[in-house]
There are 2 protein chains.
Amino acid sequence: MWLGELSTCSGVPIPTIKYYLREALLPRGDGSGPARASYDERHLDRLRLIRALVGVGGMPIARVREVLAAVDDESVSVAAAMGSAHLQLSEDTAPSAASQARVDSAVTSRRWRVETDGRHGRAVAAALDAMEAAGSPMTDATLAVYVEAADTIGRADLAGMTDLSRARAVERAVAGTVLGEPVLLALRRLSHENQARRRTRR
Amino acid sequence: MWLGELSTCSGVPIPTIKYYLREALLPRGDGSGPARASYDERHLDRLRLIRALVGVGGMPIARVREVLAAVDDESVSVAAAMGSAHLQLSEDTAPSAASQARVDSAVTSRRWRVETDGRHGRAVAAALDAMEAAGSPMTDATLAVYVEAADTIGRADLAGMTDLSRARAVERAVAGTVLGEPVLLALRRLSHENQARRRTRR
(Lines give C-alpha, C1' and ligand atoms only; values in the text may rest on other atoms or scores of the structure.)
Protein backbone atom coordinates (compact mmCIF):
# COMPACT_ATOMS: atom_id res chain seq x y z
CA MET A 1 0.00 0.00 0.00
CA TRP A 2 1.02 3.62 -0.49
CA LEU A 3 1.56 6.25 2.17
CA GLY A 4 -2.03 7.57 1.87
CA GLU A 5 -3.50 4.10 2.38
CA LEU A 6 -1.18 3.41 5.29
CA SER A 7 -2.49 6.62 6.86
CA THR A 8 -6.13 5.66 6.23
CA CYS A 9 -5.76 2.09 7.55
CA SER A 10 -3.86 3.09 10.67
CA GLY A 11 -5.72 6.33 11.36
CA VAL A 12 -2.34 8.05 11.76
CA PRO A 13 -2.00 11.37 9.84
CA ILE A 14 0.60 11.47 7.03
CA PRO A 15 2.82 14.13 8.69
CA THR A 16 2.99 11.96 11.84
CA ILE A 17 3.95 8.89 9.78
CA LYS A 18 6.69 10.93 8.10
CA TYR A 19 7.95 12.01 11.52
CA TYR A 20 8.13 8.35 12.66
CA LEU A 21 10.01 7.48 9.44
CA ARG A 22 12.50 10.32 10.02
CA GLU A 23 12.99 9.20 13.63
CA ALA A 24 13.48 5.62 12.37
CA LEU A 25 10.73 4.31 14.65
CA LEU A 26 9.04 2.99 11.52
CA PRO A 27 11.17 1.10 8.96
CA ARG A 28 11.27 2.59 5.44
CA GLY A 29 9.03 1.15 2.74
CA ASP A 30 10.26 -0.28 -0.57
CA GLY A 31 11.07 2.55 -2.98
CA SER A 32 12.63 6.00 -2.89
CA GLY A 33 11.24 8.73 -0.58
CA PRO A 34 8.41 8.24 1.91
CA ALA A 35 5.58 9.20 -0.47
CA ARG A 36 6.70 6.90 -3.32
CA ALA A 37 7.57 3.83 -1.26
CA SER A 38 5.20 0.92 -0.71
CA TYR A 39 4.24 -0.31 2.76
CA ASP A 40 2.83 -3.59 4.08
CA GLU A 41 1.18 -5.26 7.09
CA ARG A 42 4.45 -5.03 8.98
CA HIS A 43 4.31 -1.22 8.81
CA LEU A 44 0.68 -1.22 9.85
CA ASP A 45 1.38 -3.38 12.92
CA ARG A 46 4.34 -1.25 13.86
CA LEU A 47 2.30 1.96 13.53
CA ARG A 48 -0.41 0.51 15.76
CA LEU A 49 2.15 -0.41 18.38
CA ILE A 50 3.68 3.09 18.30
CA ARG A 51 0.22 4.66 18.63
CA ALA A 52 -0.61 2.41 21.58
CA LEU A 53 2.62 3.34 23.35
CA VAL A 54 2.45 7.07 22.62
CA GLY A 55 -1.30 7.67 22.63
CA VAL A 56 -2.65 5.40 25.34
CA GLY A 57 0.56 4.74 27.26
CA GLY A 58 1.72 8.37 27.10
CA MET A 59 5.27 7.14 26.54
CA PRO A 60 7.98 9.61 25.40
CA ILE A 61 9.52 8.93 21.96
CA ALA A 62 12.92 8.05 23.47
CA ARG A 63 11.38 5.18 25.45
CA VAL A 64 9.31 4.05 22.48
CA ARG A 65 12.62 3.68 20.64
CA GLU A 66 13.96 1.41 23.41
CA VAL A 67 10.81 -0.72 23.37
CA LEU A 68 11.03 -1.14 19.59
CA ALA A 69 14.73 -2.03 19.77
CA ALA A 70 13.89 -4.90 22.14
CA VAL A 71 11.00 -6.00 19.89
CA ASP A 72 13.30 -6.03 16.85
CA ASP A 73 16.28 -7.84 18.37
CA GLU A 74 16.00 -11.21 16.59
CA SER A 75 18.77 -12.75 18.68
CA VAL A 76 16.51 -13.07 21.71
CA SER A 77 13.50 -15.35 22.26
CA VAL A 78 9.92 -14.12 22.00
CA ALA A 79 9.47 -14.29 25.75
CA ALA A 80 12.71 -12.46 26.46
CA ALA A 81 11.91 -9.78 23.87
CA MET A 82 8.45 -9.44 25.33
CA GLY A 83 9.98 -9.17 28.78
CA SER A 84 12.53 -6.55 27.92
CA ALA A 85 10.24 -4.47 25.68
CA HIS A 86 7.76 -4.68 28.45
CA LEU A 87 10.11 -3.66 31.22
CA GLN A 88 10.46 -0.28 29.54
CA LEU A 89 6.81 0.35 30.40
CA SER A 90 7.51 0.74 34.11
CA GLU A 91 9.38 3.74 35.47
CA ASP A 92 12.56 2.95 37.34
CA THR A 93 11.77 3.39 41.03
CA ALA A 94 13.48 2.90 44.40
CA PRO A 95 10.90 1.50 46.84
CA SER A 96 11.33 0.79 50.56
CA ALA A 97 12.74 -2.59 51.61
CA ALA A 98 9.56 -3.27 53.61
CA SER A 99 7.25 -2.90 50.59
CA GLN A 100 9.68 -4.85 48.44
CA ALA A 101 9.49 -7.72 50.95
CA ARG A 102 5.67 -7.60 50.88
CA VAL A 103 5.62 -7.88 47.08
CA ASP A 104 8.12 -10.70 47.27
CA SER A 105 6.03 -12.74 49.66
CA ALA A 106 2.70 -12.00 47.90
CA VAL A 107 4.09 -13.07 44.53
CA THR A 108 6.03 -16.07 45.80
CA SER A 109 2.89 -17.54 47.32
CA ARG A 110 1.33 -17.53 43.82
CA ARG A 111 4.51 -19.15 42.42
CA TRP A 112 5.13 -16.45 39.86
CA ARG A 113 8.44 -16.84 38.05
CA VAL A 114 9.42 -13.19 38.13
CA GLU A 115 12.18 -10.99 39.43
CA THR A 116 10.41 -9.17 42.24
CA ASP A 117 13.33 -6.74 42.40
CA GLY A 118 13.02 -6.05 38.66
CA ARG A 119 11.30 -2.95 37.29
CA HIS A 120 7.68 -4.13 37.56
CA GLY A 121 8.21 -5.60 41.01
CA ARG A 122 9.80 -2.37 42.19
CA ALA A 123 6.92 -0.40 40.61
CA VAL A 124 4.42 -2.43 42.67
CA ALA A 125 6.43 -1.81 45.85
CA ALA A 126 6.73 1.93 45.08
CA ALA A 127 2.95 2.16 44.56
CA LEU A 128 2.47 0.49 47.98
CA ASP A 129 4.85 3.07 49.47
CA ALA A 130 2.74 5.86 47.94
CA MET A 131 -0.43 4.46 49.56
CA GLU A 132 1.33 4.28 52.90
CA ALA A 133 2.58 7.87 52.56
CA ALA A 134 -0.95 9.02 51.68
CA GLY A 135 -2.29 7.53 54.91
CA SER A 136 -4.23 4.74 53.12
CA PRO A 137 -1.93 1.69 53.32
CA MET A 138 -3.06 -1.43 51.47
CA THR A 139 -3.52 -4.44 53.76
CA ASP A 140 -1.85 -7.78 53.01
CA ALA A 141 -5.30 -9.31 52.48
CA THR A 142 -6.18 -6.73 49.81
CA LEU A 143 -2.75 -7.12 48.18
CA ALA A 144 -3.36 -10.87 47.94
CA VAL A 145 -6.70 -10.18 46.19
CA TYR A 146 -4.93 -7.86 43.73
CA VAL A 147 -2.23 -10.43 42.97
CA GLU A 148 -4.79 -13.14 42.32
CA ALA A 149 -6.82 -10.83 40.06
CA ALA A 150 -3.67 -9.84 38.14
CA ASP A 151 -2.83 -13.52 37.74
CA THR A 152 -6.21 -14.32 36.19
CA ILE A 153 -6.07 -11.27 33.93
CA GLY A 154 -2.49 -11.93 32.75
CA ARG A 155 -3.42 -15.48 31.86
CA ALA A 156 -6.43 -14.30 29.80
CA ASP A 157 -4.35 -11.58 28.12
CA LEU A 158 -1.69 -13.97 26.86
CA ALA A 159 -4.00 -16.88 26.05
CA GLY A 160 -4.39 -16.10 22.35
CA MET A 161 -0.71 -15.43 21.63
CA THR A 162 0.58 -18.87 20.66
CA ASP A 163 -0.07 -19.05 16.93
CA LEU A 164 1.47 -15.74 15.91
CA SER A 165 4.84 -15.08 14.30
CA ARG A 166 7.65 -13.83 16.52
CA ALA A 167 7.51 -10.12 15.66
CA ARG A 168 3.73 -10.12 15.69
CA ALA A 169 3.48 -11.89 19.05
CA VAL A 170 5.84 -9.42 20.69
CA GLU A 171 4.10 -6.39 19.14
CA ARG A 172 0.68 -7.65 20.13
CA ALA A 173 1.73 -8.48 23.66
CA VAL A 174 3.28 -5.08 24.30
CA ALA A 175 0.40 -3.20 22.64
CA GLY A 176 -2.09 -5.39 24.55
CA THR A 177 -0.44 -4.61 27.86
CA VAL A 178 -0.74 -0.88 27.24
CA LEU A 179 -4.18 -0.92 25.61
CA GLY A 180 -5.75 -3.13 28.26
CA GLU A 181 -4.79 -0.81 31.11
CA PRO A 182 -7.53 1.81 30.59
CA VAL A 183 -10.13 -0.99 30.31
CA LEU A 184 -9.11 -2.43 33.65
CA LEU A 185 -8.92 0.94 35.44
CA ALA A 186 -12.33 2.07 34.17
CA LEU A 187 -13.87 -1.27 35.17
CA ARG A 188 -12.42 -0.96 38.67
CA ARG A 189 -13.99 2.51 38.97
CA LEU A 190 -17.30 1.11 37.74
CA SER A 191 -16.98 -1.66 40.31
CA HIS A 192 -16.48 0.96 43.05
CA GLU A 193 -19.63 2.72 41.85
CA ASN A 194 -21.46 -0.61 42.17
CA GLN A 195 -20.12 -1.22 45.69
CA ALA A 196 -21.02 2.31 46.83
CA ARG A 197 -24.61 1.89 45.60
CA ARG A 198 -25.06 -1.50 47.17
CA ARG A 199 -23.92 -0.14 50.50
CA THR A 200 -26.65 2.53 50.60
CA ARG A 201 -29.64 0.66 49.24
CA ARG A 202 -29.44 -2.04 51.87
CA MET B 1 -0.78 21.70 64.69
CA TRP B 2 0.97 24.64 63.03
CA LEU B 3 1.74 25.06 59.35
CA GLY B 4 5.25 23.61 59.73
CA GLU B 5 3.95 20.46 61.40
CA LEU B 6 1.20 20.07 58.82
CA SER B 7 3.91 20.19 56.16
CA THR B 8 6.07 17.62 57.97
CA CYS B 9 3.17 15.20 58.62
CA SER B 10 1.79 15.39 55.10
CA GLY B 11 5.11 15.60 53.27
CA VAL B 12 3.71 18.58 51.31
CA PRO B 13 6.04 21.64 51.15
CA ILE B 14 4.83 24.84 52.86
CA PRO B 15 4.60 26.91 49.63
CA THR B 16 2.38 24.20 48.09
CA ILE B 17 0.11 24.18 51.16
CA LYS B 18 -0.17 27.97 50.93
CA TYR B 19 -1.10 27.63 47.27
CA TYR B 20 -3.88 25.13 48.13
CA LEU B 21 -5.14 27.53 50.83
CA ARG B 22 -5.21 30.44 48.36
CA GLU B 23 -7.05 28.28 45.83
CA ALA B 24 -9.49 27.27 48.60
CA LEU B 25 -8.83 23.57 47.98
CA LEU B 26 -7.80 23.33 51.62
CA PRO B 27 -10.05 25.00 54.25
CA ARG B 28 -8.40 27.69 56.39
CA GLY B 29 -7.14 26.82 59.86
CA ASP B 30 -8.29 28.54 63.08
CA GLY B 31 -6.50 31.85 63.44
CA SER B 32 -5.38 34.77 61.26
CA GLY B 33 -3.09 34.18 58.28
CA PRO B 34 -1.87 30.76 57.07
CA ALA B 35 1.30 30.70 59.18
CA ARG B 36 -0.41 31.61 62.46
CA ALA B 37 -3.49 29.41 62.12
CA SER B 38 -3.79 25.97 63.69
CA TYR B 39 -4.63 22.88 61.65
CA ASP B 40 -6.04 19.46 62.53
CA GLU B 41 -6.57 15.89 61.24
CA ARG B 42 -9.19 17.18 58.82
CA HIS B 43 -6.57 19.29 57.06
CA LEU B 44 -4.15 16.39 56.98
CA ASP B 45 -6.74 14.06 55.39
CA ARG B 46 -7.67 16.69 52.87
CA LEU B 47 -4.03 17.32 51.94
CA ARG B 48 -3.49 13.59 51.42
CA LEU B 49 -6.52 13.41 49.15
CA ILE B 50 -5.31 16.39 47.10
CA ARG B 51 -1.84 14.81 46.78
CA ALA B 52 -3.35 11.52 45.65
CA LEU B 53 -5.46 13.25 43.01
CA VAL B 54 -2.73 15.60 41.74
CA GLY B 55 0.37 13.47 42.24
CA VAL B 56 -0.72 9.93 41.45
CA GLY B 57 -3.90 10.66 39.49
CA GLY B 58 -2.33 13.51 37.51
CA MET B 59 -5.57 15.46 37.84
CA PRO B 60 -5.65 19.18 36.93
CA ILE B 61 -6.48 21.58 39.79
CA ALA B 62 -9.84 22.54 38.26
CA ARG B 63 -11.03 18.94 38.40
CA VAL B 64 -9.64 18.46 41.91
CA ARG B 65 -11.87 21.38 42.90
CA GLU B 66 -14.95 19.58 41.48
CA VAL B 67 -14.06 16.35 43.28
CA LEU B 68 -13.66 18.20 46.59
CA ALA B 69 -16.95 20.06 46.10
CA ALA B 70 -18.73 16.70 45.80
CA VAL B 71 -16.88 15.35 48.84
CA ASP B 72 -17.92 18.42 50.86
CA ASP B 73 -21.58 18.59 49.91
CA GLU B 74 -23.17 17.45 53.19
CA SER B 75 -26.65 17.33 51.64
CA VAL B 76 -25.85 14.11 49.77
CA SER B 77 -25.31 10.63 51.14
CA VAL B 78 -21.86 9.08 51.52
CA ALA B 79 -22.45 6.75 48.59
CA ALA B 80 -23.74 9.51 46.34
CA ALA B 81 -20.85 11.80 47.29
CA MET B 82 -18.43 8.97 46.67
CA GLY B 83 -20.09 8.34 43.32
CA SER B 84 -20.04 11.91 42.11
CA ALA B 85 -16.55 12.70 43.41
CA HIS B 86 -15.49 9.56 41.77
CA LEU B 87 -17.11 10.22 38.42
CA GLN B 88 -14.78 13.18 38.01
CA LEU B 89 -11.92 10.71 37.76
CA SER B 90 -12.98 9.46 34.34
CA GLU B 91 -12.69 11.64 31.27
CA ASP B 92 -15.92 12.33 29.44
CA THR B 93 -15.85 10.16 26.32
CA ALA B 94 -18.14 9.28 23.40
CA PRO B 95 -17.71 5.56 22.65
CA SER B 96 -19.30 3.52 19.85
CA ALA B 97 -22.76 2.02 20.42
CA ALA B 98 -21.34 -1.47 19.80
CA SER B 99 -18.76 -1.21 22.60
CA GLN B 100 -21.34 0.40 24.87
CA ALA B 101 -23.63 -2.60 24.31
CA ARG B 102 -20.77 -5.01 25.12
CA VAL B 103 -20.09 -3.24 28.41
CA ASP B 104 -23.78 -3.26 29.17
CA SER B 105 -24.11 -6.98 28.70
CA ALA B 106 -20.85 -7.86 30.50
CA VAL B 107 -21.82 -5.80 33.53
CA THR B 108 -25.48 -6.85 33.61
CA SER B 109 -24.49 -10.50 33.78
CA ARG B 110 -22.60 -9.71 37.03
CA ARG B 111 -25.67 -7.81 38.34
CA TRP B 112 -23.77 -4.59 38.92
CA ARG B 113 -26.05 -1.70 39.90
CA VAL B 114 -24.36 0.93 37.76
CA GLU B 115 -25.20 3.29 34.95
CA THR B 116 -23.34 1.69 32.06
CA ASP B 117 -23.91 4.86 30.04
CA GLY B 118 -22.41 6.98 32.86
CA ARG B 119 -18.85 8.25 32.81
CA HIS B 120 -17.06 5.12 33.96
CA GLY B 121 -19.15 2.86 31.73
CA ARG B 122 -18.43 5.07 28.75
CA ALA B 123 -14.73 5.09 29.67
CA VAL B 124 -14.69 1.28 29.54
CA ALA B 125 -16.42 1.30 26.15
CA ALA B 126 -14.03 3.96 24.80
CA ALA B 127 -11.04 1.87 25.92
CA LEU B 128 -12.51 -1.12 24.06
CA ASP B 129 -12.88 1.09 20.99
CA ALA B 130 -9.19 2.04 21.27
CA MET B 131 -8.17 -1.64 21.34
CA GLU B 132 -10.28 -2.31 18.26
CA ALA B 133 -8.77 0.68 16.43
CA ALA B 134 -5.28 -0.54 17.33
CA GLY B 135 -5.98 -3.90 15.73
CA SER B 136 -5.99 -5.81 19.07
CA PRO B 137 -9.69 -6.09 19.96
CA MET B 138 -10.53 -7.60 23.36
CA THR B 139 -12.66 -10.75 23.10
CA ASP B 140 -15.89 -11.13 25.08
CA ALA B 141 -14.28 -13.96 27.06
CA THR B 142 -11.38 -11.73 28.13
CA LEU B 143 -13.76 -8.86 28.93
CA ALA B 144 -15.72 -11.22 31.21
CA VAL B 145 -12.48 -12.13 33.02
CA TYR B 146 -11.70 -8.41 33.48
CA VAL B 147 -15.19 -7.67 34.84
CA GLU B 148 -14.96 -10.51 37.34
CA ALA B 149 -11.48 -9.40 38.46
CA ALA B 150 -12.69 -5.80 38.86
CA ASP B 151 -15.63 -7.08 40.90
CA THR B 152 -13.37 -8.94 43.33
CA ILE B 153 -10.99 -6.00 43.61
CA GLY B 154 -13.76 -3.41 44.14
CA ARG B 155 -15.21 -5.53 46.93
CA ALA B 156 -11.82 -5.79 48.67
CA ASP B 157 -11.17 -2.05 48.22
CA LEU B 158 -14.38 -0.97 49.93
CA ALA B 159 -14.44 -3.69 52.58
CA GLY B 160 -12.87 -1.60 55.35
CA MET B 161 -14.92 1.56 54.78
CA THR B 162 -17.91 1.00 57.10
CA ASP B 163 -16.75 2.37 60.43
CA LEU B 164 -15.47 5.74 59.24
CA SER B 165 -17.15 9.14 59.49
CA ARG B 166 -18.84 10.52 56.38
CA ALA B 167 -16.13 12.94 55.22
CA ARG B 168 -13.40 10.45 56.02
CA ALA B 169 -15.11 7.59 54.20
CA VAL B 170 -15.55 9.65 51.04
CA GLU B 171 -11.98 10.98 51.15
CA ARG B 172 -10.52 7.54 51.76
CA ALA B 173 -12.59 5.95 49.00
CA VAL B 174 -11.62 8.52 46.39
CA ALA B 175 -7.95 8.51 47.43
CA GLY B 176 -8.00 4.70 47.51
CA THR B 177 -9.39 4.51 44.00
CA VAL B 178 -6.60 6.70 42.67
CA LEU B 179 -3.78 5.27 44.78
CA GLY B 180 -4.67 1.64 44.06
CA GLU B 181 -4.45 2.09 40.29
CA PRO B 182 -0.64 2.01 39.98
CA VAL B 183 -0.53 -1.09 42.21
CA LEU B 184 -2.94 -2.94 39.95
CA LEU B 185 -1.26 -1.88 36.70
CA ALA B 186 2.22 -2.82 37.91
CA LEU B 187 0.94 -6.21 39.13
CA ARG B 188 -0.66 -6.88 35.74
CA ARG B 189 2.68 -6.16 34.06
CA LEU B 190 4.43 -8.46 36.51
CA SER B 191 1.83 -11.11 35.74
CA HIS B 192 2.58 -10.73 32.01
CA GLU B 193 6.27 -11.22 32.80
CA ASN B 194 5.35 -14.42 34.64
CA GLN B 195 3.23 -15.68 31.73
CA ALA B 196 5.94 -14.91 29.17
CA ARG B 197 8.52 -16.86 31.19
CA ARG B 198 6.27 -19.85 31.74
CA ARG B 199 5.62 -20.03 28.02
CA THR B 200 9.32 -20.42 27.14
CA ARG B 201 10.58 -22.73 29.88
CA ARG B 202 8.07 -25.42 29.08
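**Close-up views of the A–B interface**

**View 1. Ala134(A) at the partner chain.** Leaving aside neighbours within four places in sequence, Ala134(A) is in contact (heavy atoms within 4.5 Å) with Arg48(B) and Leu179(B). Ala134(A) is found in the loop between α7 and α8 of chain A; helices here are DSSP runs of H or I with at least four residues, numbered from the N terminus. The residue Ala134(A) is buried, at a relative accessible area of 13%. Buried means under 20% relative accessible area, with a 1.4 Å probe and protein chains only.

This is a predicted model, in which local features need pLDDT of at least 70, side-chain atom pairs count only at pLDDT 80 or more, and totals for chains, interfaces and linings use all residues. Residues are numbered from 1 along each chain as its sequence is written, chains are lettered from A in the order in which they are written, and side-chain values use heavy atoms, leaving out hydrogens and water.

**View 2. The contact surface of chains A and B.** In chain A, 71 residues are in contact with 71 residues of chain B. About 7,000 Å² is buried between the two chains. Carbon and sulfur atoms give 66% of that area. Buried area is the accessible area (1.4 Å probe) lost when two parts are put together, summed over both. Arg113(A), Arg188(A) and Arg189(A) supply 11% of what chain A buries against chain B, more than any other three residues.

View 3. Between chain A and chain B the count is four salt bridges. Each is a side-chain nitrogen of Lys or Arg within 4 Å of a carboxyl oxygen of Asp or Glu. One of them joins Arg188(A) to Asp157(B). Their closest N and O atoms are 3.1 Å apart.

**View 4. Helices on the chain A side.** Four helices of chain A, α5 (78-87), α7 (119-133), α8 (140-158) and α9 (166-201), each supply at least two residues of the side that touches chain B. The largest share, 27 residues, comes from α9(A).

**View 5. The axis between the copies.** A rotation of 180° with 0.0 Å of shift along its axis superposes chain A on chain B, with RMSD 0.0 Å. That is the relation of a two-fold axis. The C-alpha of Ala149(A) is the nearest to the axis in chain A, at 2.6 Å. Copies are superposed by least squares on C-alpha atoms of residues with pLDDT of at least 70 in both. The copies meet through the same surface, because 100% of the interface residues of chain A are also interface residues in chain B.

Methods
Buried means under 20% relative accessible area, exposed over 50%, partly exposed in between (1.4 Å probe, protein chains only).
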